[in-house]
Amino acid sequence: MERDTHFILGVYEDEDVLLHAVKEVRSTGVKIHEVYSPYPVHGLEHVLGYKRSRLPIAAFLFGMLGTSLALTMQFYMMKFDWPMIIGGKDFAAFPDFIPVSFEMTVLLAAFGMVGVFMVSSNLKPWAQPRIFDVRITDDKHVMAIDIANNSSMEVEKIKEILKSSGATEVNNKSFE
Amino acid sequence: MQVTSSVRQPLVTGGKTYHDVTHDVSRQVEGKPSLAWFLAFLTAAGVLALGSIALIATLWEGIGMWGLNKTIGWAWDITNFVWWVGIGHAGTLISAVLLLFRQKWRTSINRAAEAMTIFAVICAAMFPVIHMGRPWLGAYWALPLPNTFGSLWVNFNSPLLWDVFAISTYFSVSLVFWYIGLIPDFATIRDRATGLRKTIYGALSFGWDGAAKTWMRYESVSLILAGLATPLVLSVHTIVSFDFATSVIPGWHTTIFPPYFVAGAIFSGFAMVLTLMIITRKVFKLEDYITMGHIELMNIVIIITGSIVGIAYITEFFIAWYSGVEAEQYAFINRATGPYWWAYWSMMTCNVISPQLFWFKKIRTSIVATFLLSLVVNIGMWFERFVIIVTSLHRDYLPSSWAMFYPTWADVGVYMFTFGLFFTLFFLFAKFFPVINMAEVKSVLKSSSEKAAK
């Protein structure tokens, strides 16, 4: 059977039932493809065993880039390229460069991080998402299990596990 | 695990389920607009059209159309600029600062407040741009672009240039923050829709699928953006106040300006949020989401920031006297008793006295009183900027050049234009975008609703 095409879906109503269910299902050895929720469920990433997002690191690096670019630009323009006496200040009036450096830091950190987020999560206007269940964006949490990825286990057995973990519905879903 | 508190009120009333949240918010987007919406939208668009006559006249003839003279070079334009920027502070404060402080009540008001922020900043930015006289050349004066003077760069020692960076960063970061929050809600509308609407909201939702991994990153992004936006929001009005504070004009060059301007900005921003929210909750029947609890909390913020502003006014006066500088003392005495006394006392009444009425629980939990006082606060905050700007300028060092400022029809018209623009954009937002952040409200619903907690 092909990977990433045939799924078993466990539909959950409540976030706390879902959190227990994820632990329970994982402890039986079933590999979870992904869990889909209408809103962020706190602690879900821990029970799923996801590593912490490295986006804050991206934000920090982009922020540093912003600071360096802003300072380089200001010192180059004000001190080296066209020095002018303004209010009797030093050409390299460092304290005066702080506001612009701060704003450029924030600008690049924010845009850089959001850009990385968009790319890493494949968010783009022309993206065609695979919708496992339309109720995911309304009121249901859906646990998707890739059948091919759990070939050692019977489909019926997986469905049993999902049912006993508190799923209100267990469905099949296939993509082309 | 349901968390109920006997002390705190529920954030969402009416025993809503998750599906109710989706339905109550999405139906505004999906249904035909109501007659009330059409009338409101047409009024706003009408004001925009009328105001654009003044705007076009100003661009065609130049800023000589305004009532400025050789003594008063800044008047309505900069007053309006600071006023709009101030209003634009509440949205990001609500979504960023209150997120860091884990104030969950922000979830049902942050979307509309952020939209208001973005529209207010657009209105604000118009004034300095028009004031350039020839805004089509403005990019060369405002941005560090190479030019034919080989290159004569912009002046990084000038707070006006810092403003360019501050306002444009604030605008773009707020826009991104707002849009990231909108993505999951656009996906909700996409999944309920068919046909053209599905295509449009599908594109707007950027292919959101609600995966746990994406939510994890989303939460991470929100938190970092909040962490970045918090100092940003404080920096913006600080830098706006530098426009005055770093000058040598008596009445302007005070070190108290940055915190005083920031408090004033939050004060007026919350007042505008209240004005808009009271109308929105009524028109869209969202009383269960924007509850009396929300209105009361925002009124408390208004008392606090209003009191800070009041103390700042008194401190300014005291320091002017204590400094022993005659010019400084005269600037303040002239404010309170000179030809612009009526503007000064309008400001004092609207900003210092009227918000103190919110100490009475009856008043701060009354919709009518809150609505009226929110208008009063914004009138007062407009006068504050007018008083600071015009009264400090109109009697300068040479009594022979003392003058008065009289607004022309073009001053009034351009201000009207920004009102039209603000409300036109807000009404379009309210119709086509989900006005309440559904995903975030759902995430706090469990502690608020019996049905969701079952």
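**View 1. Strand 1 (residues 6-12) and strand 3 (residues 141-146) of chain A form an antiparallel pair.** Six bridges join the two strands. The model shown here, as in every view, is predicted. One point to locate is Ile8(A), whose bridge partner in strand 3 of chain A is Ile145(A). In a regular strand, side chains alternate between the two faces of the sheet.

**View 2. Strand 3 of chain A also pairs with strand 2 (residues 34-36) of chain A.** The sense is again antiparallel, over three bridges. Val35(A) has Met143(A), in strand 3 of chain A, as its bridge partner.

**View 3. Residues 57-77 of chain A are helical throughout, at 100% helix and 0% strand.** The end C-alpha atoms of this span are 30 Å apart. The unreviewed UniProt entry lists residues 57-77 under "transmembrane region".

**View 4. Residues 97-120 of chain A are likewise 100% helix and 0% strand.** Here the end C-alpha atoms lie 34 Å apart. The same label, "transmembrane region", is given to residues 97-120 in the unreviewed UniProt entry.

**View 5. Chain B meets chain A through 52 residues of chain B and 58 of chain A.** Four helices of chain B each supply at least two residues to the side that touches chain A: helix 1 (18-30), helix 7 (159-192), helix 9 (212-245) and helix 17 (438-445). Helix 9 of chain B gives the most, with 16 residues. By class, the chain B side that touches chain A divides into 29 nonpolar, 15 polar and eight charged residues.

Definitions and conventions:
Residues are numbered from 1 along each chain as its sequence is written. Chains are lettered from A and ligands numbered from 1 in the order in which they are written. This is a predicted model: local features need pLDDT of at least 70, side-chain atom pairs count only at pLDDT 80 or more; totals for chains, interfaces and linings use all residues. Two strands pair if DSSP finds at least two bridges between them. UniProt positions are given in the numbering used here, feature names are shortened, and annotations may be inferred rather than shown by experiment. Two residues are in contact if their C-beta atoms, placed from the backbone, lie within 7 Å. Ala, Val, Leu, Ile, Met, Phe, Trp, Tyr, Cys and Pro count as nonpolar, Asp, Glu, Lys and Arg as charged, and the others, Gly among them, as polar.
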